[in-house]
Amino acid sequence: MRNPIHGTEMAEYTLVADKTDPARMDAGEKRERYRLVAEQAAAVLEGEPDLLAAMATVACLLHNAFPYYYWTGFYRRVAAEELLVGPYQGTLGCLRIHFSRGVCGRAARERRTIVVPDVQTFPGHIACDSASASEIVVPVLDEAGGLIAVLDVDSTISGAFDEVDGEELEAIVELLRPRRLLPMALQG
Ligand code: SME
């Protein structure tokens, strides 16, 4: 199968954007790329009930598909007001984030998508990697409407994310809604 982004033969099953070319994408290009990612994620995850596998798959597909994505991953809600890093791609992420802190905490607290065009101007922004310049955080809800995680994406270019990313990412995290963490089998 040819990679539909570059028409190359590499990365047979993953859309791979050129990260050395951080060109901004216009709204139409973004929508089309998100459509491809959503289509592929739905196909790969069909019949798979596990939430962790779904988060890892979504983080991988998104991270590779967009040239302006630098850190892409999930923070799971592990206590009433605490998030813990989950599946991600990129440089080292902070482990725990309280709801009172950072962009992730605010998105979790307010249960809404937060777009930060310039992280330097966001009070309380948590800099896991100083290369990050802009950020978007999208809440992940379960079937009962409870917050189970947030999806966090960082970019090294300022103003990388807008309402198109917000709408499309909100649609993609809907894929996670019916899934649950499967317990690990500790004994044969
Ligand atoms: N910047 C985030 C913390 C997570 S890292 O970016 C991976 C925040 O302020 O919540």
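1. A residue counts as buried if 20 or more other C-beta atoms lie within 10 Å of its own, as exposed if 12 or fewer do, and as partly exposed in between; the C-beta atoms are placed from the backbone. Helices (H or I, at least four residues) and strands (E, at least two) are DSSP runs, numbered from the N terminus.

2. This is a predicted model: local features need pLDDT of at least 70, side-chain atom pairs count only at pLDDT 80 or more, and totals for chains, interfaces and linings use all residues. Residues are numbered from 1 along each chain as its sequence is written.

3. Start with the layout. The protein has 4 helices and 6 strands. Along the sequence they follow the pattern α-α-β-β-β-α-β-β-β-α.

4. Next, overall size. The radius of gyration, taken over C-alpha atoms, is 16 Å, which agrees with the value near 16 Å for a compact globule of 188 residues. That globule rule is 2.2 Å times the number of residues to the power 0.38. Along the principal axes, the C-alpha atoms fill a box of roughly 50 × 45 × 30 Å.

5. Of the 188 residues, 33% are buried.

6. Now look at helix 3. How many of its 9 residues are buried? The count is 7, so helix 3 (residues 102-110) is largely enclosed by the rest of the structure. The buried ones are Gly-102, Val-103, Cys-104, Gly-105, Arg-106, Ala-107 and Ala-108.

7. What do these buried residues pack against? Their partners are strand 1 (71-79), strand 2 (82-89), strand 3 (96-98), strand 4 (114-116), strand 5 (134-141) and strand 6 (147-155). Contact means C-beta atoms, placed from the backbone, within 7 Å.

8. Just after helix 3, Arg-111 takes a positive phi of about 50°.

Conventions. Two residues are in contact if their C-beta atoms, placed from the backbone, lie within 7 Å.
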